Amino acid sequence: MTKRYFVWKDANCNGKNIDWIEMKGKEFTLFKREPENNHRRFIRLGDPELDEEIIFIEATKQKYDEWNREQAHKKRIEEARKESGYSEVSLSTSLCDDSGETLDIYIADSDCDVEASVLKFIEKEALQKALHILTEEEKNLLNILYYDNPENLSERKIGKRYNIPQKTLNNRKNKIIEKIKKFLAQN
């Protein structure tokens, strides 16, 4: 990967009628260290990740600020991607070389709340992790109350069926829920 450095011949041209001077790396470093050049701004063209030729070019303060905001935005997005652990898929990527079809033709409902769906999925994953901290007895109680209850029986009727006072059943359920909430708050 090569690097090239271009500066304005006239520092006061402010991006108009530019005459360029190309410098070598060491020459550019010394140039930037000189106090009279502290106000001069440079933007990087090319992507070092793609092993492209990198060009540093002098720019106006406005252009530099725009470029800097864009770079900061890209960095925040990249950090968010790394934190999330999820991969990115482009809807315009071809599914197969022969057909030319893309993923976007398979999107059925544009009114679908993708964010809500993703949050629901993440919550389910977190809840699955939380269930691992429960004892077998606690898991069994949740199964009885929520999953193995097709008739949608009340706590009172479930208590009678399993010979457990309703108040005891309710207290155990509340302790389990608090245990799960505490785990989710910590993770």
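Q: By class, what residues does the lining of the second largest pocket have?
A: The lining has 8 nonpolar, 1 polar and 2 charged residues. Here Ala, Val, Leu, Ile, Met, Phe, Trp, Tyr, Cys and Pro count as nonpolar, Asp, Glu, Lys and Arg as charged, and the others, Gly among them, as polar.

Q: Before I go on, what am I looking at?
A: This is a predicted model, where local features need pLDDT of at least 70, side-chain atom pairs count only at pLDDT 80 or more, and totals for chains, interfaces and linings use all residues. Residues are numbered from 1 along each chain as its sequence is written, and side-chain values use heavy atoms, with hydrogens and water left out.

Q: Fine. Which residues line the second largest pocket?
A: Leu127, Leu131, Leu134, Lys139, Leu142, Asn143, Tyr146, Tyr147, Ile177, Ile180 and Lys181. A pocket is an open set of points on a 1 Å grid over the protein atoms alone, where a 1.4 Å probe fits, with protein on both sides within 12 Å along at least five of seven lines; lining residues have an atom within 4 Å of a point.

Q: Which helix gives the most to that lining?
A: H4, with 5 residues. Helices H3 (114-131), H4 and H6 each supply at least two. Helices are DSSP runs (H or I, at least four residues), numbered from the N terminus.

Q: How much space lies in the second largest pocket?
A: About 250 Å³. The volume is the space filled by probe spheres set on the grid points, which are joined across faces, edges and corners.

Q: And the largest pocket, how much space there?
A: About 470 Å³. Its lining has 14 residues, with Arg44, Asp47, Glu49, Gln71 and Lys74 nearest the centre. By class, that lining has 2 nonpolar, 2 polar and 10 charged residues.

Q: Where does the largest share of that lining come from?
A: From helix H2 (residues 61-84), which supplies 9 residues.

Q: Switching to packing. At roughly what angle do H4 and H6 cross?
A: Roughly 110 degrees, for H4 (residues 136-147) and H6 (residues 166-186), and their axes come within 10 Å. Axes are lines fitted to C-alpha atoms, for helices over the stretch in contact, and angles run from 0 to 180 degrees between N-to-C directions. H4 and H6 are therefore roughly perpendicular (65 to 115 degrees).

Q: Which residues make that contact?
A: H4 uses Glu138, Leu141, Leu142, Leu145 and Tyr146, while H6 uses Leu169, Arg172, Lys173, Ile176, Ile177, Lys179 and Ile180. Contact means heavy atoms within 4.5 Å. By class, there are 8 nonpolar, no polar and 4 charged residues.

Q: What about H3 and H6, at roughly what angle do they cross?
A: Roughly 120 degrees, with axes that come within 10 Å. That makes H3 oblique to H6. The contact is Ala126, Leu127, Lys129, Ala130 and Leu131 of H3 with Ile180, Phe183 and Leu184 of H6.

Q: Last one. How far apart are the axes of H5 and H6?
A: 8 Å, with H5 (residues 155-162) packing on H6 at an angle of about 110 degrees. Glu155, Arg156, Ile158 and Gly159 in H5 meet Gln166, Leu169, Asn170 and Lys173 in H6. Those residues divide into 2 nonpolar, 3 polar and 3 charged.

Terms used:
Parallel < 35°, antiparallel > 145°, perpendicular 65-115°, else oblique.
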